[in-house]
Every structure is written in structure tokens, then in C-alpha cells.
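Today I am opening a new notebook page to go through one model. I will jot down what I look up as I go.

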Amino acid sequence: MTARKPSSKAPDPAPTSSEAALSAAPAEHTDATAAGPATGTLEPVEASSPPPDPVTAPVTANAPAKRANRAAAPPHPRRAGGGQGVRPARTLDDGDRARLLAGAHHAPHDLLGAHQIRGGVTFRVLRPFARSVTVLAKGLRAELHEDGDGLFSGLLPMPSVPEYQLLVSYQDNEIEVQDPYRFLPALGDLDLHLIGEGRHEELWTALGARPMEHQGVTGTRFTVWAPNALGVRVAGDFNYWDGTGFPMRSLGSTGVWELFLPAIKEGALYKFDICRPDGSHTLRADPMARHAEVPPANASVVTAAHHVWRDQEWMARRGDVPVHEAPLSVYEVHLPSWRPGLTYRQLSEQLPAYVRDLGFTHVELMPVSEHPFGGSWGYQVTGFYAPTSRMGTPDDFRFLVDALHRAGIGVIVDWVPAHFPRDEWALAEFDGRPLYEHSDPQRAAHPDWGTLEFDFGRTEVRNFLVSNATYWCEEFHIDGLRVDAVASMLYLDYSREEGEWSPNEHGGRENLDAVAFLQEMNATVYRRSPGVVTIAEESTAWDGVTRATHHVGPGGFGGLGFGLKWNMGWMHDSLEYVSKEPVHRKYHHDEMTFSMVYAYSENYVLPISHDEVVHGKRSLVSKMPGDWWQQRANHRAYLGFMWSHPGKQLLFMGQEFAQGAEWSEGHGPDWWLLDPSYAAESDHRGVRTLVSDLNTVYGATPALWQRDTVPEGFAWVAGDAAEDNVFAFLRFDADGSPLLSVCNFSPVVRHDYRIGVPDGPEAWTEVLNTDAGRYGGSDVRNDEPLKPEAVPFHGRATSVALTLPPLATVWFKPA
């Protein structure tokens, strides 16, 4: 961050733009001054020197120390006030004065503002760079005495504190403002009590910057949790990023600091200037900011919600059917690169229509919380309460969610409570000591990502995260939270070697604090937001991820309380199988069947996510062996197997049309593959058509989703046909109606292939065939209904003889 170039103007300018003295609209903000310095404040000037231009003054990291030295110097000679009857006020105690000017005072309201004392009312104002300050009230105009260092004071013989304003004069103008230090705290006792206990489930209504009317005056209440700070000040574009004149007060033992600033409006940029325990200063973005600057700028932005929701019908019915008994197929999207350059509102014109055309029930958005580095894809979050401003405002994001809901599409967002980056303007050692991170360096440092892990055992930190989960569901109508990196939270020895971790109180490796946090988060979300689902990305065999929190398992732990869990084992095993040449697949047959051994231990999602198509792993179609035709055929057959396997489905963008290249956040999907002018366009459009048909048949067939989580919904027909590379199984709905799925992972046509079927249906009809010509296949089909014969097979009394297309999955339903 750099200061602006020196101005040719004379020193001591009056702030004529923005709310520079809390009077008008925010000043124009440029990248050069976007967020202020990472640490420090504007360079102070000794009393014998002319005061600097607050716009052009150089920024230095040691400014706080210089201010403290200046404050300790003998007071500036008083200049007589110009108002009749203004007497000198009692001189500030040297210690109070020094702490106030150094930004290290816990109770600036005790020193500043108007106070009734014997003999009148004392007024004291801190206005750096002002030439004079005059108190204005009904029938009163009294100029205060100048005390040096931007302090002005006076004693007026008045019986009580009047309703007053301040007239602040600078070199070339004067402005009339409200005094922030005449207001009572704008945060209530109940809020403070809940914050102290870590039970404030709507924390975003209490902390951060909140535009409001307070004591009849419009402005913004600033609050921040910083229990280790010696003092906190508000700095922003309204005071030239110099918070000297705006110290906050500490509200008791909660560690919360507060200041109501009149006239500050939405759109104002701000940070908190924190005086650390060692007396140094750090300039920090607001952890509770609901809006932030577009990266790489990083200031927080005052905001309020104005969107008028139109998704009432969706919200009223989304919880009618439990998610594990409902159809759920998910299209995973990285919003910034899905159609690069589009805003939230432009995306709302394209994304809902595209997803609806494909038939997906939900979209899953990779993290939308604000993050400084685009290459992290959003998984290193600095603004947990702020949708990224790369594509618009928070209300613009609400508009997108609203549009998806009105198109009948649910919205899941990736949520990252496991860790946060070390950026010096964000959460790391926020108030000078470990605060959001664990105080034990071994527990704080994440070994894989160079980030910091949250201290899940601290009530305020747990409250910050639990409230954040409810915030997304309630403020943005989010329908699901997919929780990232759960395994890294659950285990104290995650990616750590012997000697790099300490066991829990029972001698185990489980992170008991993280377990308690996840249970509390899930219980709170499900209680407050009916119809919302939480989904764990958990890659181990932890028992009870989707079990209720009050049901204790064999390991002695209650369930974590998630609704669904990503089935990473199915994903790894099945991808390993299909990557093999067909001639070798018989040796890996169990990799496709093993998932059914544990299929009902949890409620599963089958994910082919972004993680599987980046960093050298190749796209889904490129994992397949053979020539281009065989690769696409394998791709289609695999999707058919996936959609009929127990569990919900998730597919990452670009894989729905067999993109050959790995995904890159820089350019997103290769949409040009669907351009009619491209010679192989029909190959890719065929796969896209298949995905649409898979979702259509899936949604209309309860057997494929209604009993996903109970053994009664599945039965093997042929699970041991390794020599043929064939898998056949039945799915059943709640009424017992079946769907037969047969997968042939060999590149040969199998005629008269006999499959055992249940008694009852008089005929079986082909309802989906991934080898159909419209999908780019060889169009080997079973056109006529298959009539069961009294030929025992696969342990059943009746069977059918069908034709199996090469490298294809075929679904049959009773005619």
C-alpha cells in the first residue's frame, strides 16, 4: 500500500470530500489507498511543524510509537476560545492523554464528548488537523480552547448537557457534524451476554458495521471483538485512513469494542486500527464484514441488505421431503470461471436456465466467501461473512440465489471452517495474540496448506463459525452447506508426524473440540433452518458422520449430525477401475462392488468434483482408456453406473459435455466444444444430452433415490461377473417398484445375455441406454420389451435375455 503523491496544496486542508469529518458521501477511493497500510497509521508531525495533509501524509509502520512520544511531551499552549463564557476545562491526566493519542485507551467516551460536572458541562473533542472546534446548540455558539495534538476543550456554565453539534474549521472550509462521543452504546446488554457465553446465533447483527438510526441520528455502529487489544480505532475513507480521532470504547469483559459514527453511510470503506499488547498498531479488515473491496484491495465495506426475495414458494416447500429420501443431483460450479467475466446478475440470466435444462436439482458453488487469492478457488477465506465482491454486491448474490430458486434449483455452498490464511490484514493474530487460531503453535499451523486452524475450543471462535453457518442459510436462503476438509478438523495427528501433535485428554487422536463444534453447528443449522442439508467432505472411516448427535456410536462419540457425506471411497475405487484397459478390469472387479459393503453406514453423495479434474489428474473423459470413441463410451457408461448406484450424484462443470482438458480457474469450461462450427461438436453435445436424460429419468424414478440409505432399496443381480466386466443390480422404491441397471464395461456387444429378474413384471422396457446414437454411441438397443422366461438364473426363478451394448449402461423398468 502506498500513500498518494504529494499535493501542491498548502498544509492543513479541510476534508471536503466524503465523510472526512462525518458530513457527506464517501470520498472517491482508488487502489492506491484502498485498504491503507497493513500496519501503522498516518505519520504524525511534532507540534512545532505544520500539520500534514491527511490525504498525502506518508504512511509509516512506527507511527503509533511517535504519537505516544508526542503525547508524552508538554501540552500545547492553550489558545483562548472565541465563545462567550467558555472557560478552560480541567487538563487531562498525562496517562489518559497519552493513551488516548496513542490509540490505547479503553474508554475514550469518558474523556471525549460532553460531561456534566460541578460548575457546568465539559466539552472535549479530538479532531486532528482542525484549526478550531465550536460547540453549536440552541442559543449557543462556543469556540473551544485548543489543547494541542488535535484536542479541543472547554467548560461551559450550563445546567445540563444540551443537544449539540460541532462546527469544525479547517484551513479552507468548515463543516458541521455530530459528535460521536455524545452517544450511548448502540449494542445491548443481551447481545453482550450472548457473545460472552458464545451463544449468539445471529452474531452478524451484533458485530461488524451496521447502518442504523441511534438516538434519532443516522449513522453506522462499528463493533469488533478484540479482547487482547489495548485500544481500537476506526479508520476509513471518511477520515483519510487515520483513525486517531475515532477511538472505540471497550464494553466490559466481553472483549467487544464499539463506536457509533453519525453520518457514515453504506459504501464507506473501513478497517480497525488495533493497538496490540506491545503498543504497536495493526490495521485489520473486519472479521464480520458483510462486504469487502474487490481483491487485491481488502478494506471492509459498510453494507445493508435491500433485496426483496421472490422465492417464497421454494422456501415453503424445500423441507417437505427429507433430503436422503428425495432426488438430489448436483452440478458443481466455480462461479468466477463458469462464464468468466459475468457478474452475479448476469449469471442469474444464464446459470439457472442451463442447470434446469440439464435437469440437476441443485448447484453447488465452490466457496463464495471473500478470499484474496483467486488461485485458492475460495478455500482460503478472509471474509467469512462477505460474498466475494469479484462479481458484485451481497444483494447481487442474493439476486442470483433467488433466480435459481425460482427456476426450481437448490443452492449448496462450500463452507470452509477448518482453516484461514495468514494475511496480516485479516484474522491471523488479529489483536496481537492468537485469537481465532489455537494458542499452541502445533495446533494452530495447518501442515498442508500453510494456513492456520481455528481454535474450536474457544467459545467465541466457535460462536463466530456456528453463527456464520446460520448466516448463509438465513441471509442468503442457502439450501445446503458442504463442509470442506472435515477430516483435517477431526484428527489431531492429521498430516502430522510423531512428536508434532499431542493426544487429547483421553490419550486419543480425536480433536474433541472440533467434534463438539461440528455437532453444535449441525444441530443449530437444522434447528433454525428446516430444509437445509449439511454435507461433509470427510475422507476417513470416522464413525457416525451422518448420525444424529445424540446417538452414541461404538467409539463413544455422538454422531456429527451431518445430513450427507461425500463417498470418497466410491469415487477413488470406481475411477481406478474405469481407468484400466477393459482387458485388465476383471482383476479390479471388486473396486466397483466394494462400495456396497459399507453403502448404508452413512448417507452418501457420489462426487466427481473439481478435485478430480485438476493438478494432473486429467478430466473425467481423459481418464478413460482407448481411442476417442471408447473414451466417450466409457465416460457415458460410468455416468450411467453412477446415476443408478445408491447415493446422490455430484458432477463438476465441464464434465457434463466430456471436456478433454483439465479445469483451470483462469478460463473455465471449454464451451467452444459445443460450438456447431467445431467438427467434433456432436460428440460433446451427445454426452451433454445424456446427462440431461439421466437427470430426467432419475427424477421421475423414485427407485433411484427414495431408498438410497436403506438396504431394502438395493439388490445385486450379478455382482460377480468379473470375466464379462458386467455389473447388474436392482433398485427399489418405497412401494417395491424396481429399476434394473446393467453395466457392460467391455468393448464388445453381448447378445442374449441372461439376467435374473424378480417375479411379477410381465415385461421389462429399456428406459435409458448410454450407447444410444443420440449420445454418440453405436445405437445397439433393446427395442422390444423383454419378456421374462421361467429360466432360473442369478438365484431367481425367472430371467430375461438381453443385448448388452459395448461400453454401456442400460436401465430397464417394468413395462
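**Sheet and core notes**

I began with a bridge pair: Leu730 has Leu740 in E33 as its bridge partner. A reminder to myself that this is a predicted model.

Next I looked up the strands around that pair. Strand E32 (residues 726–732) and strand E33 (residues 738–744) run antiparallel to each other, and I find 7 bridges between them.

Then I widened the view to the sheet. I see an open sheet of 5 strands, in the order E31-E32-E33-E37-E35, and the pairing is antiparallel. Its edges are strand E31 (714–721) and strand E35 (764–769), each of which pairs on one side only. From one strand to the next, I get an average twist of 20°.

What packs on this sheet? I find helix H15 (residues 681–699) there, touching E35 and strand E37 (808–814). The direction of H15 makes about 140° with that of E35.

On to the nonpolar cores. Which residues touch the most other members of the largest one? My list reads Phe222, Tyr331, Leu335, Phe397, Tyr436, Phe454 and Met521, in a core of 170 residues. Helix H9 (residues 459–475) supplies the largest share of this core, with 8 residues.

Definitions and conventions:
Residues numbered from 1 in each chain as written. Predicted model: local features only at pLDDT ≥ 70, side-chain atom pairs only at ≥ 80, totals over all residues. Heavy atoms only, no water. Core = buried A, V, L, I, M, F, W, Y, C linked by side-chain atoms within 4.5 Å. Buried < 20%, exposed > 50% of the residue type's maximum accessible area, 1.4 Å probe, protein only. Helix = DSSP H or I, 4+ residues; strand = E, 2+ residues; numbered from the N terminus. Pairing = 2+ DSSP bridges. Axes fitted to C-alpha atoms, helices over the stretch in contact; angles between N-to-C directions. Contact = heavy atoms within 4.5 Å.
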